[in-house]
Structures are given as C-alpha cells and as structure tokens.
Amino acid sequence: MSLLAIIGGTGLTRLPEFETQRRQPANTRWGVPSAELTFGRLHGRDIVFLARHGDSHTIPPHRINYRANIQALKDVGVTEIVACAAVGGIRSDMGPARLAVPSQIIDYSYGRAHTYFEDDLDHVTHIDFTFPYTPQLRERLLDAGQQAGLRVVDGGVYGCTQGPRLETPAEITRMERDGCDLVGMTGMPEAALAREAGIDYACVAVVANWAAGKTSEEITMAEIEAHLARGMADLASLLQAFLS
Ligand code: HPA
C-alpha cells in the first residue's frame, strides 16, 4: 500500500485544510526528526506531514537531521514524499511566487550527514541518481498543477547551498554557469536519502525571491514572506488537485 508524506519547508509549517488525527514522536537509529510526525487527512486522503525546520521553524538548513527525517517516514511505511521547498529564482522564468517541479540537482552543501551507507556495511552501495526526483511522481505533480490551472515550470536544476546565509551575486553567477535554475538550502541530502531508503521523492519548489544579484535590491525577509504567501496559495491548490 502506498502512503504519502508531505515535507513542509519555509512558509509551510502547517498545511491548510489538513485535519490532524494524531501526532507521533519518532526516534530513529539516526536520531530524532525535526518534529513529530503528524498523521491526518488532506482532501480525503490519509497522509503524513513533517515540518522540515521544526514546528516553530527553528532548525536552520544545515542543522536539520535529514537522515532521521527520512528514516522516521520510512519507519511508518511512507512510500512517496512530496517535498515542498522555498527557493530563490535564477532562470528568467523562475520569478517570485512561481511554482516549479525541478528535475535535476547540483549539491553545493557540505558537512551534512548525507548517507545511510557508511558504517557496519556488508558491502559498499552506490545508489543510481540519474533521475534524482522520481519521474512518475514529478509527472503526477505537473498534471495536478495543470488541473489546478496553474503555470508550473516543468524541470530545472536545483542548486543546494549550505546556508543559512543567502548567496553572493558572484556565487549565483557561478551557479548559473553551472546550469542551476533555482537555489535552495534543503534539497540535499534529503533527495539522496529518500533514494537510499527506496522512497519515491519529488519536489515542488516555490520561488520566494530573485536570487542574489538578479535585481539591484538586497533580499529582505519581508519580501520572501510576501512572495511565499502568494506561492503557498498556489501550492495548496496543486496539492488539492494532486490528492483529489
Ligand atoms: N537562496 C537559497 N535559498 C533560498 C533562497 C535563496 O535566494 N530563497 C529561499 N530559499
């Protein structure tokens, strides 16, 4: 049987219209996840919700226990994850409040516990990561976007930076040269761990701001929050179509 989890990021510590049934604390061999797992119903379907940065948004990207988060979901039988993430837009069609379903990843993060395969191994395992986001799940998310009448960008390269600071314009220029279309801080190692755990995984990115240097202005938290509020309304419509 399939069980869907939604991981909520910045701007999505709670799902609108979600009916909570029970909250379950979790403890895994990798430690404790960011928050209790919340079981409940959304648009008629049983799902599990996890707030990536904690219920009160207190855990910065580099301090998230990604291994515990994915393991905790695995332990309760989750088979697919829709990861919601706030990002900065690099490519010209990735402006504020736009939704995108990225297709590739470049990882610039460092020092994060990023694999389940390191100690006490019977053999060395190298997961395939040709398609870092599960193609069928991506397609279903894009179909849902279309059903909801939204213009969702299909594909794009998500560049994962370390944070918590935002990037310099020079860093964004380098990322653009590398082929990045979006920049966020939490996409890795989350996606790779889901693959290691055998859980289908795809991301809906909500653009919170133009990436550093893409406008002449500095990036403010007020701007990020205003754009996210708009993008999150579209994300809620996409999720409704996805689940219904
Ligand atoms: N950079 C990295 N992560 C982000 C950004 C950004 O500009 N906006 C939202 N998350």
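How many Å separate a nitrogen atom of the ligand from an N or O atom in the side chain of glutamate 167? The distance between a nitrogen atom of the ligand and a side-chain N or O atom of glutamate 167 is 2.8 Å. The model is predicted, so that local features need pLDDT of at least 70 and side-chain atom pairs pLDDT 80 or more, whereas totals for chains, interfaces and linings use all residues. Residues are numbered from 1 along each chain as its sequence is written, and side-chain values use heavy atoms, with hydrogens and water left out.

**Ligand contacts**
- A polar side-chain atom of asparagine 209 lies 2.6 Å from a nitrogen atom of the ligand, and a backbone N or O atom of glycine 88 lies 3.4 Å from a ligand nitrogen atom.
- The protein covers 93% of the 260 Å² of accessible area that the ligand has on its own (Shrake-Rupley method, 1.4 Å probe).

**Shell around the ligand**
- The residues surrounding the ligand (a heavy atom within 4 Å) include Leu166, Val183 and Met185.
- β5 (80–89) gives the largest share of this shell, 3 residues, and β10 (182–184) also supplies at least two (strands are DSSP runs of E, at least two residues, numbered from the N terminus).

- The largest cavity holds about 30 Å³ of space (a cavity is a set of points on a 1 Å grid over the protein atoms alone where a 1.4 Å probe fits but cannot get out).

Definitions and conventions
A polar contact is a pair of N or O atoms within 3.5 Å; within protein, one must be able to donate a hydrogen and the other to accept it, and residues adjacent in sequence count only if both atoms are side-chain atoms. Helices (H or I, at least four residues) and strands (E, at least two) are DSSP runs, numbered from the N terminus. On a 1 Å grid over the protein atoms alone, a cavity is a set of points where a 1.4 Å probe fits but cannot get out, and a pocket is an open set with protein on both sides within 12 Å along at least five of seven lines; lining residues have an atom within 4 Å of a point. Grid points are joined across faces, edges and corners, and a volume is the space filled by probe spheres set on the points.
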